[in-house]
Amino acid sequence: MRKYLMSAAACALLALLPQTASAQVATATPGKDVSMVLLPKFLGILPFDQAHKGAEEAAKELKNPTALQFLGPTPQNSVAGQIEIVTNATTQGVKAIMISNNSGDQIVPAAKAAQAKGLKVVTWDSPIPSADGEDVFVAQVDFSDIGKVMADMTLSILGPDGGKFAILSASPDASNQNAWIAAMKTALKDAKYAKLELIDTVYGNDESEKSYTQAQALVDKHPDMKLIMAPTSVGIVAAAKALQDEKLCDKIKVSGLGLPSEMLAYTKNGCAPQFALWSFIDLGYLTYYTAYMLATDAIKAEEGVKFKAGRMGEYSITKDPTRAKGLRVLMGPFTVYNKDNVEAAAK
Amino acid sequence: MTGAAAMLRRWETAMLALLIAIIALNSLDSRYFLSVGNFVNLFQLSIEKSIVALTMTLVIIGGEIDLSVASVMGLAACVMAWTFHQGAPLPLAILLALAAGVLAGLNNAFWIAYVGLPSLAVTLAGLIGYRGVARILLEDRAIGGFPDWFNRLGQQPAIGPLTASIVIFFILFIFFAVVLHFSFLGRLIYVVGSNAQAARYSGVRVAVVKTDLFVSSALVAALAGVLYAARLGSVRGDMADGFELDIITAVLLGGVSIFGGKGTLAGVGLAILVILNLRNGMGLADITGNTQNYVIGGLLILSVLAPNVWEDIRNKWKGRET
C-alpha cells in the first residue's frame, strides 16, 4: 500500500513537472494521409468491434484519406496470426500499427522489425510485456485500480463474511489479464479483504466453449466456492451462462469485466450482480489519435509529452508503472455496473 | 504404373500452373509482393511447418500418419526453455530438446511398428500426451531471455537474405528427396506404403522402416520446434498448437495419397509454395484469417476430389470404348 502511495505521489510529481517546464499541448493536424492498421487479439469479439468503431470515429474526425484497416487473426491462430499481420503491414509500408497484444513477448521480433522500417507501434488493451518494439501503450484504466475494483466487487457481492472464490482468465499469456490478476492479489493483502480467499486460477483462452467448461470444472472441483471472478468479457459471460444452466446462481455468483449488453440478463437475474468495464469505443478513439499523432510527428513517444485527443480532451505520456519499462497513455475511468445502471448502458 | 506416374506428373504440372497463376495475381494485386524481403517473410512466417511437412510426406507415403508433430514441436521447445531456465547452457538444452524428440518418435514407433496399433490412434495419443508434458513443464509461464546468438539465428539473415531456418529447409528438402526417390530405403517406403502385408511376405523389415519414419518425423519436428522458439524469442506451453493440420494439408495438396504409396516430395514442395503464396497474397490484400482458412480448405477439398473425379470420368470413357 505504501509502495502504491509512493508511486502515486511520483506520478503526481511527474504530471506536474512538464507543466512547469513546458505547458505545450500538441494538437493533431487533420487531413494527413496515414495508412494505419488496427490489430485486435482476434476477430469476432464485441469489445474489439467497439474499439474499431471508436477508431473509425477518430479517423473520420481527422479526415485521414486512407481507410483504416481492421485486421485480426482467428482465435485458434492468434499468436502466429498477429505476427503475420504485423510482418505484412511492415512489407506494405503502413505508417502505424495498433496492437492489442495476445502474443506476450513473442511479438517482439516482428514489432522491432516494424519499428526499424519506420512504423509507429502503439499497443492498446494489452501491451508488450517487455515494452520492446513498442512506442507507447494506451492503457484503458490503471492496472492497480482494476485489481482494487475486482476485490471490492467480490467483497460487496459476498458480504462481510467473505468466502472462497476462483479466477477464470483469458489465455495464460495475456499480459493485461495477468497484470490485473497480479494487481488483485496485491489488493487482497489489505486487511479489509482478509475474509476473501482466492483458491484457483484457470484459463478459458477467451473461447466461449472452453471458458464454459472451465467454469463447470471449477464448480465441480470446489464445492465451497462462492464466486467466479472473470476479468475477460468472454469468460464472464461463459461463467454466468454455465452457472445459470446448472441452476447454481443462488449459491455461486459471477463478477469481473464484461460488456453491459452481453451481461444484461445475468445481472438482472442475479447470476452476476456486479461487474465493471471501461468504454472500448473511447479506447479505440484515443488509440487512433495517439497513433495518428505519432505517425504525423505531431508528438513524440517521450515521457511528459501532452496532447489533445479530440472530444476526449487532454492526455499525457508517462512512464508505465505497471511494467519494468515502457511508456503509457492512461485513459480511465471505470464504471461498475449493477441491476440499476446496466440497462441504460446496454443500449 | 506408367498411368500412375503420368497421373502424378499431371498433378505436379497442375500445382505448378496454380502457383504461377497465384504469383501473377499477387503481383498484379499488390506492389509489395514482388520483393526479396516479402519472399523471405513469406517463407519465414511458416518455415517450421514447411520443414515438418518434408518428413510428413515420407510418413504418409509410407502408409502412416503422424498427428503428434505439432505437440513434439511444443514439447521440444518447452524442454529447451525449461532446461535453459534451470541454468543449463543453451546448446545442451537444444540437444536435450532434440533427444526428447527422438524419444517421442521411438515411443510412437514402438506402439505402431512393434505392437501393431494404428498410427492414427497412437499419434493422436501423442498429440495430447506430449502437449500435456510441454504444458506441465512450463505451466502458464512464458520463458524468454535466450542468448542473442539464438534469437539472431531465428530472426536475422544467415546466408544472403535467407535465415538459417530457410537454409535448413532447403538442405533437408534435398536430403529427403534423395532418400525418398534415390535410395533403397525410399523404395522400401513406397513398397510398405502400397501394401505392407505384401512387403512383409517378400522379406522387407517393415517395422524397421516404420521406426525410421516415426523417429525422423519426431526428430525433425523437435528441430522445427527449436527453430520456432528462436524465431519468436520466447516459449510457452501452447506453442505450435494445431500446426499438424496445416502440415498435413500441405502434404495432401502436394498430391500424396492419404492411403500411402503415392506422391513425390516435389509435389509437396510446390504445394507449400502454393499455400504460402496464397496466404501471403491474401494477407497483403488485407484478407484476414477466417477467409484465408476458407480458401485453403476449399483448395484441399478440390485437391482430394479432382483426381478421383478424373479417374471416374476416365473409367467411364474406357467402359464405353470396350
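A:Lys63 counts as exposed because it has 11 C-beta neighbours inside 10 Å. The cut-offs behind that word: a residue is buried if 20 or more other C-beta atoms lie within 10 Å of its own, exposed if 12 or fewer, and partly exposed in between, with C-beta atoms placed from the backbone. A:Lys63 sits in the loop between α2 (46–61) and β2 (69–70) of chain A, and its phi is near 50°, a positive value in a residue other than glycine. Helices (H or I, at least four residues) and strands (E, at least two) are DSSP runs, numbered from the N terminus.

A word on what you're looking at: this is a predicted model, where local features need pLDDT of at least 70 and side-chain atom pairs count only at pLDDT 80 or more, while totals for chains, interfaces and linings use all residues. Residues are numbered from 1 along each chain as its sequence is written, and chains are lettered from A and ligands numbered from 1 in the order in which they are written.

You'll find A:Asp206 in the loop between β7 and α7 (208–221) of chain A. Is A:Asp206 buried or exposed? With 23 C-beta neighbours inside 10 Å, A:Asp206 counts as buried.

A:Ala242 is part of helix α8 (residues 233–245) of chain A, and it counts as buried because 24 C-beta neighbours fall inside 10 Å. Leaving aside neighbours within four places in sequence, A:Ala242 is in contact with A:Tyr212, A:Ala215 and A:Gln216; contact here asks for C-beta atoms, placed from the backbone, that lie within 7 Å. A:Thr123 is another story: A:Ala242 and A:Thr123 are 119 residues apart in sequence and 33 Å apart in space, C-alpha to C-alpha.

Here are the neighbour counts for the residues picked out in this report.

| Residue | C-beta neighbours inside 10 Å | Class |
|---|---|---|
| A:Lys63 | 11 neighbours | exposed |
| A:Asp206 | 23 neighbours | buried |
| A:Ala242 | 24 neighbours | buried |
| B:Thr288 | 19 neighbours | partly exposed |

Helix α6 (residues 175–188) of chain A has 14 residues, which at 1.5 Å a residue should span 20 Å, and its end C-alpha atoms are 20 Å apart, so the two agree. The expected span is 1.5 Å times one less than the number of residues in the helix. Since 10 of its 14 residues are buried, α6(A) is largely enclosed by the rest of the structure. Among the buried ones are A:Trp180, A:Ile181 and A:Met184. What do the buried residues of α6(A) pack against? They pack against α5 (143–158), β6 (163–169) and β7 (196–203) of chain A.

Chain A is assigned domain 1 (2–141 + 279–332) and domain 2 (143–276), with bounds that come from an automatic or database domain assignment. The C-alpha centres of the two domains of chain A lie 28 Å apart. Where the domains meet, 14 residues of domain 1 of chain A are in contact with 16 residues of domain 2 of chain A. The domain 1 side of that contact has eight nonpolar, five polar and one charged residues. For these classes, Ala, Val, Leu, Ile, Met, Phe, Trp, Tyr, Cys and Pro count as nonpolar, Asp, Glu, Lys and Arg as charged, and the others, Gly among them, as polar.

**Over to chain B**

Chain B comes to 14 helices and four strands. Its C-alpha trace spans about 75 × 55 × 35 Å along its principal axes, and 48% of its 322 residues count as buried. In chain B, residues 24 or more positions apart account for 78% of the contacts with a separation of 6 or more.

Helix α3 (residues 47–61) of chain B has 15 residues and reaches 22 Å from its first C-alpha to its last, close to the 21 Å expected at 1.5 Å a residue. α3(B) is mostly covered, with 15 of its 15 residues buried. Just after α3(B), B:Gly63 takes a positive phi of about 85°.

**Where the chains touch**

The contact takes 22 residues from chain B and 22 residues from chain A. On the chain B side, the elements that give two or more residues are α2 (36–44), α11 (206–232), α13 and α14. That side divides into five nonpolar, 13 polar and four charged residues.

B:Thr288 lies in the loop between α13 (265–284) and α14 (289–321) of chain B. Beyond its neighbours within four places in sequence, B:Thr288 is in contact with A:Leu43, A:Leu71 and A:Gly72.

Methods
Contact = placed C-beta atoms within 7 Å.
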